[in-house]
Amino acid sequence: MSNRVDPTLITELEHFGLKDAHKCYNCGNCTAICPLSTPENPFPRKMVRLIQLGQRDKLLEAPEPWLCYYCGDCSTRCPRGADPGETMMVMRRYLTSLYDWTGFARKFYTSERFEIMAIAIVAVLVGLGLLLFNTGKPNWDHAAINSLWPAEHIEIADLIMGGILSFLLLSNVFRCFRIIMGKMAFKIPLRYYASEAKELLIHTLTQKRFSQCTDRMQWFVHLMIMTGYSSVFLLVVVFIRWFQRDHIEYAIWHPVRLVGYYATFAILYGTTYAIIGRLKKSKAPYKNSHPTDWMFLILLQLTTLTGIFIHFTRLLDWPATTYFLYVIHMMVAVPMLVLEVPFAKWAHLAYRPVVVFLLKVKERYAQETAAPATAEAVVEGAIS
Ligand code: SF4
Ligand code: SF4
């Protein structure tokens with residue numbers, strides 16, 4: 001690994017939101033206080049130091065930014081106001097941009113204008129698509145979305161979009177895998193990966209490590225947003241045929257309805273909590289808000305609110321309002337999916353458990369392959 005000092009690193013990270021890392025005088029309080037830091041992977045002091053020393057290559061290969069969940073404890077206790085928690089967040093943005101081979105994530109994170117333009121362009125394309133591609137036979141007597149945009153047609157569009165997004169996200173995750181594993185990438189037998197697959201699932205679904213932080217409320221809010229969004233994603237992408245139905249109201253206890261209500265409540269609760277926190281700057285993780293933080297919360301709220309309005313206009317049987325709101329809803333929901341999943345916040349949700357999983361695989365492999373070597377050494381030692 002190169003030790004080359006790159007004085008431009010700190011300036012570059014400033015484009016990703018870095019502000020106070022230069023104030024750090026390396027006392028180590030933050031690492032001592034961090035509930036997730038370990039002797040094998042200490043942070044955040046080490047990471048702040050890498051930035052100060054311009055160690056770009058070491059930063060690129062570091063798994064530590066993905067081990068931090070941004071509880072903010074370290075920022076609260078830093079005697080210099082160097083905001084190490086936010087620095088870890090900046091590193092996640094930077095690493096996301098490096099994993100992304102399209103270069104889109106970099107533009108998204110470093111240019112507010114690009115971010116707004118990209119969202120606006122996708123929104124307009126979606127709106128035009130819905131206006132141009134429909135059955136042309138709207139039901140004006142009853143609110144029936146399927147009369148204009150049948151669920152089967154939306155399903156096809158969903159599958160195409162899902163395929164493209166999965167390809168982009170998985171190819172970036174693969175680059176993350178290559179970087180984190182380094183020379184070990186293809187040396188570790190597959191059975192080690194298989195044996196730790198359970199960890200990948202658990203960390204993906206529960207963000208278990210986050211619960212070890214002092215502020216468990218942050219974990220809860222994170223979990224609400226993640227599970228709410230994942231539930232609604234499943235409903236509108238995988239189960240759209242059962243979700244987008246006209247004139248057939250499911251019973252209140254029907255799984256589709258229950259999942260829909262849970263998703264709505266969870267997203268609204270989580271995003272409202274985070275928006276109020278960011279407006280009030282109520283705690284360390286909310287003190288510095290990057291434009292992408294705001295965009296993410298606003299798009300999620302708008303998607304949920306327009307979804308709720310559609311639910312009511314359908315119940316009230318207002319056709320024109322329902323069709324209009326449906327177009328607006330899709331113009332908000334699709335850009336969020338297309339831009340956030342492979343390039344921004346939702347990509348973080350993939351990288352984090354993957355890195356935790358890869359470290360587990362490495363650890364297990366090291367443990368199991370080190371044992372025979374130690375035994376041999378003991379035998380050799382006894383002979384000599
Ligand atoms: S970031 Fe703050 S707490 Fe951490 S080493 Fe630097 S000065 Fe100390
Ligand atoms: S924000 Fe929390 S998890 Fe992240 S480095 Fe600081 S103390 Fe550790």
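Residues are numbered from 1 along each chain as its sequence is written, and chains are lettered from A and ligands numbered from 1 in the order in which they are written. Because the model is predicted, local features need pLDDT of at least 70 and side-chain atom pairs count only at pLDDT 80 or more, whereas totals for chains, interfaces and linings use all residues, and side-chain values rest on heavy atoms, with hydrogens and water left out.

Ligand 1 is surrounded by 13 residues (those with a heavy atom within 4 Å of the molecule), and the closest of them are Cys24, Cys27, Gly28, Cys30 and Cys78. Sorted by class, this shell holds 8 nonpolar, 3 polar and 2 charged residues, where Ala, Val, Leu, Ile, Met, Phe, Trp, Tyr, Cys and Pro count as nonpolar, Asp, Glu, Lys and Arg as charged, and the others, Gly among them, as polar. Ligand 2 is likewise surrounded by 13 residues, with Cys34, Cys68, Cys71, Gly72 and Cys74 as the closest, and its shell comprises 10 nonpolar, 2 polar and 1 charged residues. Cys27 is partly exposed, with a relative accessible area of 42%, whereas Cys34 is buried at 14%; buried means under 20% relative accessible area, exposed over 50%, and partly exposed in between, for a 1.4 Å probe and protein chains only. The count of disulfides, defined as pairs of cysteine sulfur atoms within 2.5 Å, comes to 0.

The structure holds 4 cavities of 30 Å³ or more, and the largest cavity has a volume of about 460 Å³, a volume being the space filled by probe spheres set on the points, which are joined across faces, edges and corners. Its lining consists of 25 residues, of which His222, Ile225, Arg278, Phe296 and Lys345 lie nearest the centre, and these lining residues divide into 14 nonpolar, 4 polar and 7 charged. At least three residues of this lining come from each of domain 1 (9-99) and domain 2 (104-365), with the bounds taken from an automatic or database domain assignment.

Most residues other than glycine have a negative phi, and most peptide bonds are trans. A cis peptide bond, with omega of about 5 degrees, joins Phe43 and Pro44, and Pro44 is found in the loop between α2 (29-33) and α3 (45-52). Tyr70, which is not a glycine, has a positive phi of about 60 degrees; Tyr70 is found in the loop between α4 (56-61) and α5 (73-77) and is buried, with a relative accessible area of 8%. Asp317 also has a positive phi of about 60 degrees, but Asp317 is partly exposed at 28%.

Key
1 Å grid on protein atoms, 1.4 Å probe; cavity = no way out; pocket = protein on both sides within 12 Å on 5 of 7 lines; lining within 4 Å. Helix = DSSP H or I, 4+ residues; strand = E, 2+ residues; numbered from the N terminus.
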